[in-house]
Amino acid sequence: MRSHSETSAPNVIAPKAHLSSSLKQRPKQDPRCRPETEPGVMETKPKLYYFQGRGRMESIRWLLAAAGVEFEEEFLETREQYEKLKKDGRLLFDQVPLVEIDGMPLTQSRAILSYLAAKYNLYGKDLKERLRIDMYTDGTLDLMIMIAQAAFKPPKEKEESYALIVKRAKTRYFPVFEKILKDHGEDFLVGNQFSWADIQLLEAILMVEELSASILSDFPLLQAFKTRISNIPTIQKFLQPGSQRKPPPDGHYVEVVRNVLKF
């Protein structure tokens with residue numbers, strides 16, 4: 001089932017530790033690594049087109065921020081802005097999010113995330129690691145989409161959805177990641193190096209904690225993981241007030257999305 005922030009009615013989907021020694025020892029995997037550009041060519045900032053809220057764009061913001069990449073944003077506030085993007089041929093399948101990067105207009109959030117993860121060395125070292133990263137990020141995405149969809153439901157249904165989400169996180173999703181960390185005994189989810197999978201799991205953890213602050217009480221390894229990843233400098237910066245991280249969806253956000261997409 002498709003949610004409300006990536007369609008023509010897009011699918012809309014919230015004590016300080018030391019940096020891991022394994023991260024320090026892997027300069028090629030430093031989240032601030034940048035791909036080389038052609039001599040004399042300055043890489044322009046990616047530009048993101050979406051609503052002023054989380055939805056399908058938030059994981060893209062997280063990935064860019066974790067990679068240490070500055071980006072610009074243009075917020076959709078009117079139907080006319082959306083129609084212009086479609087008229088200009090910049091929205092494949094007439095969908096947002098839209099990211100302009102490397103001279104290309106990119107749509108479809110999964111494709112955008114995969115491209116950025118590969119571009120910024122956050123996508124594993126071989127095909128098998130990429131497969132694991134894909135499996136883990138698909139799982140956390142399922143959980144986050146449930147949270148995003150709930151914002152568009154009537155109050156009673158919304159509360160029921162939030163209760164179900166907390167239950168699913170506690171019984172289905174978080175036990176899987178606790179076991180992964182226990183089985184390999186490493187700091188990161190895949191290949192003992194920082195990747196897109198780590199970034200998106202932290203994003204999902206924080207979103208569920210907004211619904212249930214004690215959700216990690218039965219998951220000590222995930223508690224340690226949360227602290228460890230949160231203290232990577234680029235992520236620590238993104239978690240500070242005033243960053244481009246967006247708050248949980250409120251009534252105004254829901255109203256703007258409905259008005260722009262007419263659903």
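**Exercise 1.** Determine how helix α5 and helix α6 are oriented relative to each other.

*Solution.* Step 1: in this predicted model, the axes of α5 (residues 127-150) and α6 (residues 155-184) come within 9 Å and cross at roughly 165 degrees. Helices are DSSP runs of H or I with at least four residues, numbered from the N terminus; axes are lines fitted to C-alpha atoms over the stretch in contact, and angles run from 0 to 180 degrees between N-to-C directions.
Step 2: angles over 145 degrees count as roughly antiparallel and those under 35 as roughly parallel. Therefore α5 and α6 are roughly antiparallel to each other.
Step 3: the contact (heavy atoms within 4.5 Å) involves residues including Y136, L143 and I147 of α5 and Y162, I165 and F177 of α6.

Local features require pLDDT of at least 70, side-chain atom pairs count only at pLDDT 80 or more, and totals for chains, interfaces and linings use all residues. Residues are numbered from 1 along each chain as its sequence is written, and side-chain values use heavy atoms, without hydrogens and water.

**Exercise 2.** Determine how α2 and α4 are oriented relative to each other, and which residues meet.

*Solution.* Step 1: α2 (residues 58-66) and α4 (residues 109-119) have axes 10 Å apart, at an angle of about 5 degrees.
Step 2: α2 and α4 are therefore roughly parallel to each other.
Step 3: from α2, the residues S59, I60, L63 and L64 meet S109, I112, L113, L116 and A117 of α4.

Terms used: Helix = DSSP H or I, 4+ residues; strand = E, 2+ residues; numbered from the N terminus. Parallel < 35°, antiparallel > 145°, perpendicular 65-115°, else oblique.
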